[in-house]
Amino acid sequence: MYISEVYNTSAIAAYMTEAYSNRIPFLGEAYFPNKKKMGLDLAWIKTHKGLGVALKPSNFDAIPTIRPRGEAQKTKEEMMFFRESMLIKEHDLMELSRIKDSNDPYLQPVIDSMYDDTRNLVEGAEISAERMRMNLLAPTSGEMEIVIPMADNTKATYDYDPDGTWKGTNYLALTGNDRWDNSTTAKPLNDIDKAIEYLASIGVVATTILGNTTTFNYLLENSQVKNALVSITGKAIDFIDRSTVKEVVSRKLGLEWISYDKMYQDYDDSQKKFYPDNYVTILGNGQLGNTWRGTTPEELTAISDIVKAPQAPVDITVLDSGIAVAVQTVYKPGVAIETTASQIALPSFEGMDSIFVIKVK
């Protein structure tokens with residue numbers, strides 16, 4: 001038995017498929033499903049659907065009036081390239097020399113560690129995509145943009161609202177006594193209802209409110225929420241639990257509250273939430289855009305009719321998500337097996353007008 005028989009990209013793809021079928025999915029995938037394209041450029045068109053317009057009357061035998069199309073804004077960006085590698089070094093290879101004996105009881109933990117490296121790399125690619133999606137669903141201070149820290153301490157920025165149009169209509173920042181941490185003066189049900197009314201005015205039926213548990217906890221102590229319960233039960237309420245608050249939000253506003261508390265480790269080793277504290281997003285059902293992934297250099301080398309080059313000793317597989325995984329033996333001063341995960345990714349946001357974001361504190 002050889003290393004290549006148990007550790008190759010086909011086996012990695014099968015391993016990742018099984019592992020990811022058992023995990024809680026990234027929430028952003030529901031609103032920005034994966035899509036694949038060639039190249040780096042991403043062009044998408046943002047349209048404002050709005051309410052339906054009545055058909056104009058006409059005379060018989062008359063030339064029909066030409067209806068103008070709604071305004072559309074075309075956005076073109078070059079997608080971001082992500083790539084990292086991990087090495088199985090010479091000491092690990094010495095341990096793997098046992099692979100010749102498939103009955104060695106110490107073999108499986110060594111192989112498992114190899115797959116853990118790959119899982120970490122692929123999950124890192126998924127984390128980078130989810131962070132971009134959440135930048136769009138909870139734009140900090142209303143700036144509809146994606147900000148990506150770079151290895152040289154600079155930042156790459158993708159601006160989805162360069163003229164501030166979206167921020168002017170679909171974003172509300174609460175101040176003073178209106179902030180939700182002021183439990184006696186804040187009126188969160190009114191704030192959410194304003195968002196619902198605005199979305200309804202452009203033809204969007206709000207169904208969901210997205211936030212995290214830290215933000216949701218403001219509602220547990222809020223006087224307006226407790227008073228809403230008094231009207232239902234006829235009794236004063238001092239303590240309410242999360243399920244009861246969700247019921248109030250559902251009854252009074254017709255929205256399902258989704259708490260998204262998934263976290264990740266950033267480049268500086270700090271732990272961060274995908275969806276930030278002190279924001280809520282009100283939105284309707286359905287897809288908002290796509291998570292577009294381009295063709296990585298690794299994938300191009302595996303496409304014989306695209307790149308004419310000598311066959312490299314690299315084993316490459318592209319996962320269903322569009323992430324490319326490459327495994328090769330590297331000969332430097334020393335020998336190593338290098339596993340690389342790469343992706344070219346950027347979300348499009350055709351449905352950005354159909355969400356409303358509130359900064360509650």
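Visitor: Which strands does helix α7 lie across, and what angle does it make with β17?

Guide: In this predicted model, helix α7, which covers residues 188–201, lies across β8 (206–211), β12 (279–284) and β17, and it runs at about 155° to β17. Helix α8, residues 213–220, lies across β9 and β12, and runs at about 135° to β9.

Visitor: What makes you say that the buried residues of α7 line one face of the helix?

Guide: The buried residues of α7 are Pro188, Leu189, Asp191, Ile192, Ala195, Ile196 and Leu199. Seen down the axis of α7, these buried residues fall within an arc of 165°, so they line one face of the helix. In general, an α-helix has 3.6 residues a turn, so residues three or four places apart point the same way. On the other side of α7, Lys194 and Glu197 are exposed, a word kept for a relative accessible area over 50%. Just after the helix comes Gly203, which takes a positive phi of about 90°.

Visitor: Why are β7 and β9 called edge strands?

Guide: The strands belong to an open sheet of five, in the order β7-β17-β12-β8-β9, with mixed pairing. Strand β7 (171–173) and strand β9 (256–259) each pair on one side only, and they are the edge strands of the sheet. From one strand to the next, the twist averages 20°.

Visitor: What makes β7 and β17 a pair?

Guide: Two strands pair if there are at least two bridges between them, and three bridges join β7 to β17, residues 355–359, with the two strands running parallel; therefore β7 and β17 meet the condition for a pair. In one of these bridges, the partner of Tyr171 is Val357 in β17. In general, the strands of a sheet pair through backbone hydrogen bonds, either parallel or antiparallel.

Visitor: Why is Ala156 called buried?

Guide: Buried means under 20% relative accessible area, and Ala156, at 16%, falls under that cut-off, so it counts as buried. Ala156 has its place in strand β6, and, not counting residues up to four places away in sequence, it touches Met80, Ile146, Val147, Ile148 and Met150. Between Ala156 and Ile146 there are 10 residues of separation in sequence, while their C-alpha atoms are 8.0 Å apart in space.

Visitor: How do you know whether Ser128 is buried or exposed?

Guide: The relative accessibility of Ser128 is 10%, which is under 20%, and therefore Ser128 is counted as buried. Ser128 lies in helix α5, and, leaving aside its neighbours within four places in sequence, it is in contact with Phe82, Tyr267 and Gln343.

Visitor: What makes Asn278 a buried residue, and where is Asn278 found?

Guide: Asn278 has 16% relative accessibility, under the cut-off of 20%, so it counts as buried. Asn278 is found in the loop between β11 (271–273) and β12, and it has a positive phi of about 70° although it is not a glycine.

Visitor: What makes up the largest nonpolar core, and which residues have the most contacts inside it?

Guide: The largest nonpolar core has 36 residues, and those with the most contacts inside it are Tyr160, Phe349 and Ile355. The elements that give two or more residues to this core include β4 (80–88), α5 (107–137), β5 (145–149), β6 (155–159) and β16 (334–348), and the largest share, four residues, comes from α5. Apart from this core lies another, of 31 residues, among them Ala206, Ile209, Trp257 and Val280.

How values were computed:
Residues numbered from 1 in each chain as written. Predicted model: local features only at pLDDT ≥ 70, side-chain atom pairs only at ≥ 80, totals over all residues. Heavy atoms only, no water. Axes fitted to C-alpha atoms, helices over the stretch in contact; angles between N-to-C directions. Contact = heavy atoms within 4.5 Å. Buried < 20%, exposed > 50% of the residue type's maximum accessible area, 1.4 Å probe, protein only. Arc of directions from axis to C-beta. Core = buried A, V, L, I, M, F, W, Y, C linked by side-chain atoms within 4.5 Å.
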